[in-house]
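This report goes through one protein model, from its overall make-up to single residues. The sequence and the structure come before the text.

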Amino acid sequence: MNDLISAFREVFKINQLILTIPSTTAQLNDLFQLNTDFVPIAMQKLLTGNINVGFVVSDCNIYLIGRNRSDVLKAANLMDLNLIFDCLNTTDILLIREVCALLQTTLSVLQSNYVFNKYSASIERSIRHPDDTVKSTILPLLEKLLADDSNVDIPLDLACTIVDCLTSSNMSISYNAVKCVKYFRCGEILSSTSIISKFKTIMAIDTKIRTRVYDILIHWAKSVDALALISSKGLFSNLVTDIKYPDVIMQVVTVQMLIPLGITEYGFDYLNSIGIISGLYRLLSSSPIELDNPSVVILNPIVLDFFIQITQVRPFFIFTSYPKVFVVIYEMLKEEDDSLIGVAINAITNLASSWECKMLLDNPTASVILNYEDSDQLDMWSIFMIELSRIASSTKIELKAGAIQAITKIIQVEKGELSSRHDMIERTKKWYKQLKDNPIKNIVHASCILPFLNIQQAGFEMFLKLAEQPWGQEEIVTCAPLMDLLFKDCPTDQIIVKNLKKMIIKTLLESDTSKTTLSEELLLRIQNNDVIKSNEHSPQPDVLVENIAI
């Protein structure tokens with residue numbers, strides 16, 4: 001009995017103690033009310049050094065908990081952060097974490113100019129700290145400060161130390177260092193012999209570090225003058241060698257970084273002058289034997305994307321000077337490997353996004369370039385459509401949506417003058433005619449009733465593009481089940497499908513040619529329809545397994 005009473009008394013004491021602990025952040029802040037005394041006293045304690053600095057830093061962190069930005073800014077302006085940075089001169093991991101937390105809170109609210117003018121030396125010293133936690137804290141803060149004001153003056157020592165971080169094996173540190181250096185003013189930085197020497201030194205270490213520097217240099221090369229300055233310093237001297245480097249991952253990274261430069265006229269001319277374009281062209285593989293090579297499977301899509309991006313802005317030049325680009329796409333379409341087929345489909349979709357590209361590739365010499373065996377001299381799009389038709393109507397569910405979307409892009413007309421629109425419509429009709437085996441039934445309708453949203457969406461998007469053109473309207477009315485599906489309110493329809501149905505009906509209703517291409521009965525049905533409310537009790541089309549192979 002006595003033991004029970006003693007236990008009860010102990011529990012009571014603990015509960016009383018708990019009640020004295022602040023239960024909310026507001027109550028906690030009451031212990032350190034916002035005034036002009038707390039921060040100066042804390043700074044004075046750090047200055048005299050007659051106290052455990054860990055307690056002071058911890059108290060400062062507690063003091064700032066729950067404060068709004070305005071209060072934190074007032075406190076940060078009262079602090080001498082150089083004293084806080086000095087607290088990093090320790091091997092105490094817990095203290096380092098506390099200091100990093102305080103710096104993150106305070107530096108994030110201060111103005112960029114104020115920080116760099118007052119704390120540059122301390123920041124530079126902290127970035128050289130042996131504990132990666134410090135670098136991982138400071139570099140993202142610097143990146144934000146530079147993003148807020150990229151015109152701040154960065155002392156040379158600090159700039160060199162940030163550049164040194166590009167060599168870090170810690171990906172977080174090197175990544176944030178790249179982001180910081182991108183904000184440096186190119187002209188000023190590259191006029192410093194110290195920085196140039198630093199770049200050349202670290203680039204000589206290995207290809208991984210070189211790619212980080214390339215990323216920065218290509219970001220800076222946004223004008224002819226900037227590119228000329230970078231080139232004059234010899235910083236691109238290893239570029240040709242690096243795209244041939246046996247490490248395929250490094251090749252992939254380097255090629256991807258070159259795309260933004262390659263799509264500019266001055267950038268392409270420069271890359272062409274130093275042999276990059278011809279070097280990449282030689283890397284493109286098109287033969288079935290080459291396409292079986294694992295490294296080719298990885299690299300080919302990236303090199304192909306490089307040329308596709310350039311083709312969108314310089315289609316005739318690529319078509320006449322680098323025809324293997326299109327041979328690669330065509331050969332990939334015929335591969336058994338779904339990943340390669342997917343790459344080819346994406347390439348066609350991107351090419352078809354440009355009407356200029358569509359017109360320039362509407363060239364009968366494509367049959368010769370692709371070695372296409374047919375009595376007719378077909379253009380590039382017609383040949384692609386034949387292959388896309390096969391994929392879109394196949395049983396390969398994972399490729400159907402992409403193939404249909406590529407077809408849709410090819411037959412899509414752009415807004416423009418009436419004369420040019422007439423020319424577009426004639427071309428799209430020609431390309432559509434290359435689709436085999438009743439495409440309106442076996443591609444459009446078949447995809448619209450499959451129980452896969454991405455395929456359904458692709459089918460209705462193709463339906464919409466057909467509805468925008470007179471020959472397309474003539475085509476869709478030949479498939480009664482498709483028109484019934486359009487007016488059917490299926491409870492299982494996703495929002496995107498319902499919206500596409502509305503857009504198709506609106507397009508037909510407002511079309512200048514629908515009165516001649518559609519029957520009076522169908523026009524009346526369109527005018528009186530209500531997709532959401534009509535035919536609620538009509539049976540849905542059966543979705544059978546065999547429909548997948550239609």
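Helices (H or I, at least four residues) and strands (E, at least two) are DSSP runs, numbered from the N terminus. The model is a predicted one, in which local features need pLDDT of at least 70 and side-chain atom pairs count only at pLDDT 80 or more, while totals for chains, interfaces and linings use all residues. Residues are numbered from 1 along each chain as its sequence is written, and side-chain values use heavy atoms, with hydrogens and water left out.

**Overall make-up**

The protein has 36 helices and 0 strands. Burial is given by relative accessible area: buried means under 20%, exposed over 50%, and partly exposed in between (1.4 Å probe, protein chains only). On that scale, 48% of the 550 residues are buried. Contact means heavy atoms within 4.5 Å. Of the contacts between residues at least 6 apart in sequence, 70% join residues at least 24 apart.

**Nonpolar core**

A nonpolar core is a set of buried Ala, Val, Leu, Ile, Met, Phe, Trp, Tyr and Cys residues joined through side-chain atoms within 4.5 Å. The largest such core holds 183 residues, and F199, W220 and F307 have the most contacts inside it. The element that gives the most to this core is helix α27 (residues 380-392), with 9 residues. In soluble globular proteins, nonpolar side chains tend to be buried together.

When neighbours within four places in sequence are left aside, F307 is in contact with I277, L280, Y281, L284, I318, Y322 and V325.

**Aromatic pairs**

Rings of Phe, Tyr and Trp (its six-membered ring) pair if their centres lie within 6.5 Å; planes under 30 degrees apart count as stacked, over 60 as edge-to-face and the rest as tilted. The whole structure contains 18 aromatic pairs. For W381 and W431 the ring centres are 6.2 Å apart and the planes are at 55°, so this pair is tilted. W381 belongs to helix α27 and W431 to helix α29 (residues 418-432), so the pair ties together parts that are 50 residues apart in sequence. Both tryptophans, W381 and W431, are buried. Elsewhere, ring pairs link F268, Y281, F306, F307, F317 and Y322 into a cluster.

**A helix pair**

Two packed helices are described by the angle between their axes and the distance between the axes. Here axes are lines fitted to C-alpha atoms, for helices over the stretch in contact, and angles run from 0 to 180 degrees between N-to-C directions. Helix α17 (residues 248-262) and helix α18 (residues 265-273) have axes that come within 7 Å and cross at roughly 125°. Angles under 35 degrees count as roughly parallel, over 145 as roughly antiparallel, 65 to 115 as roughly perpendicular and the rest as oblique. The two helices, α17 and α18, are therefore oblique to each other. L258, L261 and G262 of α17 meet Y266, G267, F268 and L271 of α18. These contact residues divide into 5 nonpolar, 2 polar and no charged, where Ala, Val, Leu, Ile, Met, Phe, Trp, Tyr, Cys and Pro count as nonpolar, Asp, Glu, Lys and Arg as charged, and the others, Gly among them, as polar.

**Single residues**

T211 sits in helix α14 (residues 207-220) and is buried, at a relative accessible area of 8%. Apart from neighbours within four places in sequence, T211 is in contact with M250, V253, T254 and M257.

V53 lies in helix α4 (residues 53-64) and is partly exposed, at 26% relative accessibility. Beyond its neighbours within four places in sequence, V53 is in contact with L46, C87 and L95.

P294 is in helix α21 (residues 294-313) and is exposed, with a relative accessible area of 59%. G472 is in helix α32 (residues 470-476) and is buried, at 0% relative accessibility.

The table lists C-alpha separations for three of these residues.

| Residue pair | Apart in sequence | C-alpha to C-alpha distance |
|---|---|---|
| P294 and V248 | 46 residues | 10.0 Å |
| G472 and I411 | 61 residues | 9.6 Å |
| V53 and V99 | 46 residues | 9.9 Å |

**Positive phi**

N371 is not a glycine, yet has a positive phi of about 55°. N371 is in the loop between α26 (366-369) and α27 and is exposed, with a relative accessible area of 61%. D437, also a residue other than glycine, has a positive phi near 60°. The place of D437 is the loop between α29 and α30 (439-448), and at 63% relative accessibility D437 counts as exposed.
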